[in-house]
Amino acid sequence: MYEKIIIVLLLSEPRKQIAHAFSEPVIILIILAAIAVIDGTILLISYCIGRLRKSNPSAIEPQPTHGTGVPLSSVETENPERSD
């Protein structure tokens, strides 16, 4: 079976290369420009999403801890007890 495939490949005529309208450096520049446009679009969308998330804070706001009688930490700084 493999012999038939090899014979067919050897007897087939060689492939002809397509003539391009652009030179190789121009094609490379086109590909890099397309990549830059895709990356720029992704970065712009992520920047816009970040701005939207900052401008719309969540509806749940944290309760203030001052004035509730609950100490902010276990260390008192205003009136330390003396152990004399």
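These are my notes from looking through one protein chain.

**Overall fold.** I started by reminding myself that this is a predicted model. I then looked up the secondary structure: the protein has two helices and zero strands.

**Burial.** Next I checked how much of the chain is tucked away. Of the 84 residues in the protein, buried ones make up 0%. The accessible surface comes to about 9200 Å², and carbon and sulfur atoms own 65% of that area.

**The annotated stretch.** How much of residues 26-49 is helix, and how much is strand? I got 100% helix and 0% strand there.

Met1, Tyr2, Ile5, Ile6, Leu9 and Leu10 make a nonpolar patch of about 760 Å². I picked Ile5 out of that group and placed it in helix 1, which runs over residues 2-11.

Is Ile5 buried, partly exposed or exposed? Its relative accessible area is 41%, so I logged Ile5 as partly exposed. Patch members need over 30% relative accessible area, and Ile5 has 41%.

How values were computed
Residues are numbered from 1 along each chain as its sequence is written. This is a predicted model: local features need pLDDT of at least 70, side-chain atom pairs count only at pLDDT 80 or more; totals for chains, interfaces and linings use all residues. Side-chain values use heavy atoms; hydrogens and water are left out. Helices (H or I, at least four residues) and strands (E, at least two) are DSSP runs, numbered from the N terminus. Buried means under 20% relative accessible area, exposed over 50%, partly exposed in between (1.4 Å probe, protein chains only). Accessible areas come from the Shrake-Rupley method with a 1.4 Å probe; for residues, only the protein chains shown count as cover. Patches are made of residues with over 30% relative accessible area and no salt bridge: like charges are joined within 9 Å, nonpolar side chains (Val, Leu, Ile, Met, Phe, Trp, Tyr) within 5 Å. A salt bridge is a side-chain nitrogen of Lys or Arg within 4 Å of a carboxyl oxygen of Asp or Glu.
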